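Here is a short note to read beside the model. Keep the structure open and look up each residue as it is named.

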Amino acid sequence: MTGKEQGGAAVVALTDVAKHFGSVRALNGVSLEIRAGECLSLVGHNGAGKSTLVNIVNGTLRPSSGELAFPRAGDAAAAKAGIRSVFQELSLCPNLTVAENLRISHSALRGIGWRRKAAAEIGQSLDTVFPGHGIDPMVTVDSLTIAERQMVEIAIGFAPRGGAAELVILDEPTSALDAGIAEQLLTHIRRFCAGGGAVIFISHMLGEVFDVASRILVMKDGLVVADRAAGAFTRESLVAAMGHVAADAPEESTASERALGDEVVRTDRGLSARKGEIVGLAGLAGHGQAEALARLYLGSTSSWKSPREPRMVFVAGDRPRDGVLPLWSILRNASASILPRITRHGLVDRAAEEQVAAEWKQRIGIRTDDLANPILSLSGGNQQKVLFARALASTAPIVVMDDPMRGVDVGTKRDVYTMIRAEAARGRTFLWYSTETEEICECDRVFVYRNGTISAELTGTDICEEKILEASFELQETGT
Amino acid sequence: MPALFSRAWIWSWLATIVVFGLTLTLTGRNGAGGLAYAALAFGAFSVIVGLGQMLVITLGPGNVDLSIPAVMTLSGTLALKAMDAAPGTAFLGLAVALLAGLATGLANYILIAALRLPPIIATLAASLVYQSVAIWSNRGLRIKPPEALADFATGRSLGVPNVALVALVLSVAVWIVLERGAFGRWLLASGQNMRAARLAGMPVERVRATTYVTVALFAGLGGYLLASFSGGASLDMGQEYLLTSIAVVVIGGTSIAGGHSNVPGIWGGALFMFLVVSMLNSYGLGAGIRMVLTGLIIIGIVIAANGRRARR
Amino acid sequence: MTRLFARHRILLPVISLAVLLALTFWLQPRAMSYFGMNLLFNLAVPIALATVAQMFIIKVNDIDLSIGAFVSLVACLTATVLVQQPLLGVLALAALVLAYAGMGAIVRALELPAIVVTLGMSFVWGGLALFILPSPGGESPEWLSALMSVKPPVLPMAVWAAAVIAAVTHLIAIRSGIGTVLRGVGGNARAVARAGWPVVRLTALAYGLAGLFGVLSGMALTGLTTSAGADVASRYTLLSIAGVILGGGEFVGGRVSPTGAVLGAFTLALAASLLSFMRLSPDWQIGSQGAILILVLTARLIFTRRGATR
């Protein structure tokens, strides 16, 4: 790949591309060229049009108007032009092995011994992108952790697959990866671009964006509102360009001011929380935090009883798997956890239901004109707000949150932080698993997980990136 | 969404009306009353078991009760045996039939939940056992139902078959629970995403257990009424309801993927299934052709009802 | 851990077949002979073929409620048209395979529930069978009867046939590239479609393969029984589903095992013979089949739980 000259013909060129879904204008006339060697970062809120743009580039969607060309390959089909996509939601076949999954996207692999060839190719790609990954190409994907699956998917994206990857689209590739692995990926992206490849990188983690992008494209309401070299942005100017004014550092919020009550949660594995406390679960992704929360929640509630006043509610982060009820309206999704409270003689009091939902729509700022709209008509961030509303509308004194900010934009996050602090001040207890340090720093007390157990308990000023990382990695330093 | 729901069942009703009309072109208009009465009487049994099957199918992918025919046979047989044609035992028989339904429903649920068997396999395997129990208890006897009960099952009130009235009462009850009740919400949510429903604090296991018991109770009632209606229980009396119960649910516009049910559609589907057969009969077609056409018509309706959804 | 689990998956069908076989031999030592085994397993061959057909459908996350009626139809065709007009018979059987492929294409292209479409098709196959052969009868083509009653060395035909069927379907469904893609359709159809595969055509292929094995099953059945009837194989629908599950398959997710399916079919066939050896009252024969099914699946649950806790 080193032979390719920088610049030259664009890998992909869009001319005034627009995309409408019915009356919704998802993309409003975008012109864009991506050249070899570029790492283009796409930023913007949920619903700004990033996914639509990406899906047009990779050929999943056809533009309603405008032109899409691949000048460098001189071919009209994205697949033949070496355009690869790694999607935010996992798109591997869990019943197949890692090597067999490569076969799905590499149809030229055939004949006797294809499996061995596939294993060699994916193994090599994994070695290149994630040195020391420890993934066996012959195991089935369902035996891998989420992070490992993400790694496999990325490796398939960069694998030669009979040609060479010209442009790799990475949509939130690091969402399931811990810091070390994410850093390996960023290093590889830089290497790949230096070798003449192009990358479209979508991430909500601005640190990563500045780390890796050579050019940043800001989108808003289906339009490109800024397109500059990465060096021309600062963190603040980027956030401003996206349309959210960066608020100042949060006012004094933490427990020092809030009166904490008695202990309301204590598990035999050491997790505990007091009334009114925001407890964080930190550590590298996939080290048992989500399991600890699921165990706590499922153990404290019943699948036989549905009390009027539940002890605990759950906010899901993996929305399609754990949260959203896809056939239902926003209203029904929001009221899902409070049904026993608004039921009389077995029948749901619909007036009360609408009242509660309308109140929370207001309080949490769900962007919709009608709560009767289907939940799937909302963007991901707004769906997440509905899930927050579902939990907070209940009377439960304990709220369990399983990485609830995945794929949520900065503005929504700020809103939610404020909401959580206000609820905590009223005496609610929060247990909050997050992979992002920024969120963990909102907490009063933090349990750091490592290999499925608690490796440290931090409070007050100890809650900082350094201490958390220390506790997450300690074993590797002393374990020799 | 409401507009969609209303369209989901209108299909089966349209098809029913068309078939009704086509049959009348042959039999003449005089037959209209009789045909409608027969359709209501015979369709009522499909409605009763179809309602139960609908609730199960609403529970989500993989949920279906294949033991309905066996439960019908078993409860019909046991009920008639308990009554032994003695007068004044109708309620005893009903209680026996419902008890049989309760027991089989609980057994099905235990197999599904405790042994974690896929419902198709669990109800299939269990139905073989129920069938054996029915064979063993029946021993080829042919007991007539008590006369009063037979009169009720074959009789009419206000010109409507009594069995159809029973089916109507059940339908209304199911409709209210699904549309307005908290239980209905829980059921519909479980059908969309069982895990999400559980994490939202819903009593999903209770819903699942109740549903599997309900379908068996409905099948028990259906078997009891059918045995009384047809003058005795036979070992294959439930057989046709395996396919029919699923067909009426799907023709009626209930989503086979779960999370969405449709009560009026069950009636459309049930009447339609009866009328198609009687139409083909009145055209004087042979058994083979009749079956082929029934199959093609079922598929046609499903394509018409689903294609609309897919193209939406 | 998962490898262990994967090994368990095939281990269980093997063990359950072995246990049943041991029981049978213990109850009826004379069955432990070339002739006895032949008697025990003869009818298992068409069941195994039908089970493999069902496996191809389950592999793409669908379920086929029409395979029994289809096998019956094939048997009727084989016992009549194929004898009287061989060329027309072959064409008719080929057309049936294509019809199956078409059924798959329709199911996937229109996003119809397979369980309902196949339910409807079971009426169609059954009606056609009645039309061709209104009452049981017909005769098997001579070459077919000869093939089914061949006496190979060491082990009876049924056992050799099982090995061949398992090997061939393992190659098609597991080892081959296209079989892998088909399993991918069961595992994550969207991902396969995204990678540029025509999922409708792949589904049609899976159904077509099912149709092919359904045709083989019907022919094998006719060759064995030397006559046919419109409902001669109606039990096969349930037997084939049970066989796939007994063999370690799952209803969703493209997790199937061809070898397991063949073993599962043989286990079910053996269960029927075993019950008659045990001199059970005929009232309870059907019920005991259900009980055995439940028993084996319970054993499987214990196995997989152990596998999962390792």
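**Notes on the predicted model**

1. Start with one residue, Val199(A). Leaving aside residues up to four places away in sequence, Val199(A) touches Cys39(A), Leu40(A), Val168(A), Leu170(A), Ile189(A), Phe192(A) and Cys193(A). Two residues touch, or are in contact, if their C-beta atoms, placed from the backbone, lie within 7 Å. This is a predicted model, in which local features need pLDDT of at least 70, side-chain atom pairs count only at pLDDT 80 or more, and totals for chains, interfaces and linings use all residues. Residues are numbered from 1 along each chain as its sequence is written, while chains are lettered from A and ligands numbered from 1 in the order in which they are written.

2. Val199(A) is one of the residues that touch the most other members of the largest nonpolar core, which has 372 residues; the others are Ile200(A), Val400(A), Ala48(C) and Phe266(C). Such a core is a set of buried Ala, Val, Leu, Ile, Met, Phe, Trp, Tyr and Cys residues joined through C-beta atoms within 7 Å. Helix α10 (residues 204-229) of chain B gives the largest share of this core, 16 residues. Helices (H or I, at least four residues) and strands (E, at least two) are DSSP runs, numbered from the N terminus.

3. Chain A as a whole has 15 helices and 19 strands. Its radius of gyration, taken over C-alpha atoms, is 24 Å, close to the 23 Å of the globule rule for 480 residues, so chain A is as compact as a globular protein of that length. The rule is 2.2 Å times the number of residues to the power 0.38. Of the 480 residues in chain A, 50% are buried, meaning that 20 or more other C-beta atoms lie within 10 Å of the residue's own.

4. An open sheet of 6 strands in chain A has the order β5-β6-β7-β3-β8-β9, with mixed pairing. Strands pair if DSSP finds at least two bridges between them. On average, neighbouring strands are turned by 15° against each other, direction ignored. β5(A) runs parallel to β6(A) (residues 167-171), joined by 4 bridges, and Val86(A) stands opposite Leu170(A) in β6(A).

5. Which strands does helix α4 of chain A touch? Helix α4(A) (residues 146-158) packs on the sheet against β5 and β6 of chain A, and its direction makes about 175° with that of β5(A). Angles run from 0 to 180 degrees between N-to-C directions, and axes are lines fitted to C-alpha atoms, for helices over the stretch in contact.

6. In chain B, the axes of helix α7 (residues 162-180) and helix α12 (residues 263-282) come within 9 Å and cross at roughly 145°. Ser171(B), Val174(B), Trp175(B) and Leu178(B) in α7(B) meet Val263(B), Ile266(B) and Trp267(B) in α12(B).

7. Compare the two sides of chain C. Towards chain B, 35 residues of chain C are in contact with 39 of chain B; α7(C) supplies the largest share of that side of chain C, 14 residues. Towards chain A, 20 residues of chain C are in contact with 17 of chain A, and α10(C) gives the largest share of that side of chain C, 12 residues.

Note on methods
A residue is buried if 20 or more other C-beta atoms lie within 10 Å of its own, exposed if 12 or fewer, and partly exposed in between; C-beta atoms are placed from the backbone.
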